[in-house]
Amino acid sequence: MAAAPLDALPAPAPAGHDEADPLLQRIADHLGSLTGGTGWVVRVDEATGTWAVAAGAGDVPIEAVDRVLATRGPVVDDEPGREPVLAVPARRGPRVIGACVVTGTGAFSPADVHLAELFADYAVLALADSGALAGRTLEQAVREELAWVEGHGSPRADLVTVGAGAVPGEVADEVFRMAQEALLNVVVHADAACVRVGVLHGPGTLTVLVEDDGRGFDATAQSRLHVATAGARLGLRAMAARARRLDGELEIDSTPGRGTRLRLTVPCAAAAVPQGRARTGVLVAAVRPVVRAGVVRLLQLGEPGLGMVSEVAEPADDLAGACRLLGPDVLVVEHGLLGDDLAVLDRLAALPAPPAVVLLAHDCPDERLRAAVAAGVKGCVDPDADRLVAVVTAAGRGETLLADDQLNRLAAPPRAPGITPREHEVRGLVARGLTDRQIARTLAISAKTVEKHVGSLLRKTGTRNRTMLARLG
């Protein structure tokens, strides 16, 4: 297909205001507050040559937006007699997918430009997930993406369509986003002379193929990247997550020097998802691949209404980030991945759309179970237990489902023999969040004595730190 180079394309045209994403609105608000002016985040579609205000109030400075998209770099307009304007592009690889624009009360410094660029990098998180069809058919949108690929150096980009059929809007949107991701990988990594995309409509299914003749990679080293195994990179993992949300299958085959082939197959019949019933997305986090695969298999067989989002082996520090990216409704996680103090549960609860949490544990100690339930965990179950499906399904409805023995353990007083009356007082004040000095003043004892009482309580209760001790109540 023929395509004009990017510098020959018409300047992107404004396309009105989108409904503001909460993250983008916060970025726009912070930009304005830091400069004393007004901030905006603009979403750009280079393939169609359009842009729209994604967040921000009032009229965005159109000239500044046009200039930053033409130069693909920061623009500062602080001519005398005009309100100063700063605009910086938001990039994802070679693609400009948006811009951050802000007015100010005085001249912008290099530090202001750097800060705006940091905000633009943050905005990419939300902008990258916005590749909506905007009224186009899937084939039209893919064709425009291929024109963008050719404009970035690939001498040939072909689209082949086989058959025809109605594709539900949500399915088409997700498939298009995955095609965008695959084509971006071709531009950034493949060094390909040719890329081909096939869209095949079958009975009740939609298949999309993306093939290139670029440098490829050793797929055998990653066990022939398939959705049943955790992806090696977050980009591939996000693509696999989309496939799972659609109850589809994603395969990636590649050989060094012989290119890469991506094949996505998803059901697209109208009855694929029962009307009025939303699928519950589940993220499974466990260290050993055999545990992850076993849990996924049990859930898929036990409850078709559960949609597997992905599988990860992330440590506690990365779990919240994985949930922010993949957006599961339920996180099924080995309790050992949560760390000693369970602080990751607080970070998960602070997410814009926090998942319900179910712990996987063969034997969860009483104090850890008590602290986890106090932090909002919906259930704790053996990975091989018959109750696994019921617990995860209940968590998806926002319900807590604990076994009778777990309820009995929670109802029983904490097993901490030998706690003195003074230690009971100290533990109650720790649970209220008081520091050692505050406890010392309250009880009219020294801070050193409080430290000794806290140390004794940690030993007697089996807790590892003050956070776990406080959750015991």
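## Basis

The model is predicted: local features need pLDDT of at least 70, side-chain atom pairs count only at pLDDT 80 or more, and totals for chains, interfaces and linings use all residues. Residues are numbered from 1 along each chain as its sequence is written, and side-chain values use heavy atoms, with hydrogens and water left out.

## Sheet

Strands (E, at least two residues) and helices (H or I, at least four) are DSSP runs numbered from the N terminus; two strands pair if DSSP finds at least two bridges between them.

## Hairpin of strands 10 and 11

Strand 10 and strand 11 run antiparallel and are joined by six bridges. They form a hairpin with five residues between them, and Gly257 in the turn has a positive phi of about 80 degrees. Asp253 has Arg261 in strand 11 as its bridge partner, and Leu250 has Leu264 in strand 11.

## Second largest cavity

The structure holds two cavities of 30 Å³ or more. A cavity is a set of points on a 1 Å grid over the protein atoms alone where a 1.4 Å probe fits but cannot get out; lining residues have an atom within 4 Å of a point. Grid points are joined across faces, edges and corners, and a volume is the space filled by probe spheres set on the points.

The second largest cavity has a volume of about 40 Å³. Its lining consists of Val175, Met178, Ala179, Ala182, Val208, Val210, Met239, Leu250, Leu262 and Leu264. Helix 5 (169-190), strand 9 (205-212) and strand 11 (260-267) each give two or more residues to this lining, and the largest share, four residues, comes from helix 5. By class, the lining has ten nonpolar, no polar and no charged residues, where nonpolar means Ala, Val, Leu, Ile, Met, Phe, Trp, Tyr, Cys and Pro, charged means Asp, Glu, Lys and Arg, and polar means the others, Gly among them.

Ten salt bridges (a side-chain nitrogen of Lys or Arg within 4 Å of a carboxyl oxygen of Asp or Glu) are found in the whole structure. Glu174 forms one with Arg177, with the closest N and O atoms 3.7 Å apart. Both residues lie in helix 5, three residues apart, about one turn of the helix.

Arg464 is in the loop between helix 15 (447-461) and helix 16 (466-472). Leaving aside neighbours within four places in sequence, Arg464 is in contact (heavy atoms within 4.5 Å) with Asp340, Arg368 and Leu458. The C-alpha atoms of Arg464 and Asp340 are separated by 6.9 Å, although the residues are 124 apart along the chain.

Definitions and conventions
On a 1 Å grid over the protein atoms alone, a cavity is a set of points where a 1.4 Å probe fits but cannot get out, and a pocket is an open set with protein on both sides within 12 Å along at least five of seven lines; lining residues have an atom within 4 Å of a point.
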